[in-house]
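Open the structure in your viewer and keep the selection panel ready.

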Amino acid sequence: MKNKFMTRAIQLSIDSVNTGGGPFGSVIVKDNQIISEGMNRVTSNNDPTAHGEIVAIRQACEILNTFNLSGTEIYTSCEPCPMCLSGIYWAHVDKIYYGNTRTDAAKIGFDDDFIYQEFNKDITSRKISMIQTMNDEASKAFDSWEKKPDKIKY
């Protein structure tokens, strides 16, 4: 059964290449049924976050009417990049199956290793400057959230 889902993710990655996208595809499965599919749409949608996994997560959340995808698995044609891996964790997907590795992706020009390295650097040493400002004002939203009795935790 798992091969069927990975085969579909791989086919989506091939379809993506053939329709102007990057070579990445994903499916999300719940109860042994594909509930959503995604292929890379970065260049066709002019959206740097439109990776196959993120597209599939967005679609699954819409279909299931929830932000919590517990009880699902994702099959993706390549090991998720840092953004997609984070999205998978935030969505609470139970398991990740992947085909190509990030090393395989780097060999064809998709090298996300520098992002992984950025996470390990001190905030002051990162490629993109991060400057904290207006903390007192920004903390008001956090104070409101902390006191909100009917908040939906995620």
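A salt bridge here is a side-chain nitrogen of Lys or Arg within 4 Å of a carboxyl oxygen of Asp or Glu. This is a predicted model: local features need pLDDT of at least 70, side-chain atom pairs count only at pLDDT 80 or more, and totals for chains, interfaces and linings use all residues. Residues are numbered from 1 along each chain as its sequence is written, and side-chain values use heavy atoms, with hydrogens and water left out.

**Stop 1: E79 and R102**

Select E79 and R102. They form a salt bridge, with the closest N and O atoms 3.5 Å apart. The pair links distant parts of the chain, 23 residues apart. E79 sits in the loop between β3 (72-78) and α4 (82-91). R102 belongs to helix α5 (residues 102-107). Helices (H or I, at least four residues) and strands (E, at least two) are DSSP runs, numbered from the N terminus.

Now colour by accessibility. Buried means under 20% relative accessible area, exposed over 50%, and partly exposed in between (1.4 Å probe, protein chains only). E79 has 21% relative accessibility, so it counts as partly exposed. R102 is partly exposed too, at 36%.

**Stop 2: E118 and K121**

Select E118 and K121 next. Their salt bridge has its closest N and O atoms 2.8 Å apart. Is E118 buried or exposed? E118 counts as buried because its relative accessibility is 13%. K121, at 35%, is partly exposed.

**Stop 3: K148 and D150**

Move on to K148 and D150. The closest N and O atoms of this salt bridge are 3.0 Å apart. K148 is partly exposed, with a relative accessible area of 36%. D150 reaches 55%, so it counts as exposed.

How many salt bridges does the structure hold? There are 5.

**Stop 4: the whole chain**

Zoom out and switch to cartoon. The chain has 7 helices and 4 strands. Trace the sequence and the pattern reads α-β-β-α-α-β-α-β-α-α-α. The C-alpha atoms fill a box of roughly 50 × 40 × 25 Å along the principal axes.

Select the buried residues: they make up 32% of the 154 residues. Then show contacts (heavy atoms within 4.5 Å). Of those with a separation of 6 or more, 47% come from residues 24 or more positions apart.

Finish with the charges. There are 17 positive and 20 negative side chains. Lys and Arg count as positive and Asp and Glu as negative; His and the chain ends are not counted.

How values were computed. The place of a charge is taken as NZ of Lys, CZ of Arg, CG of Asp or CD of Glu.
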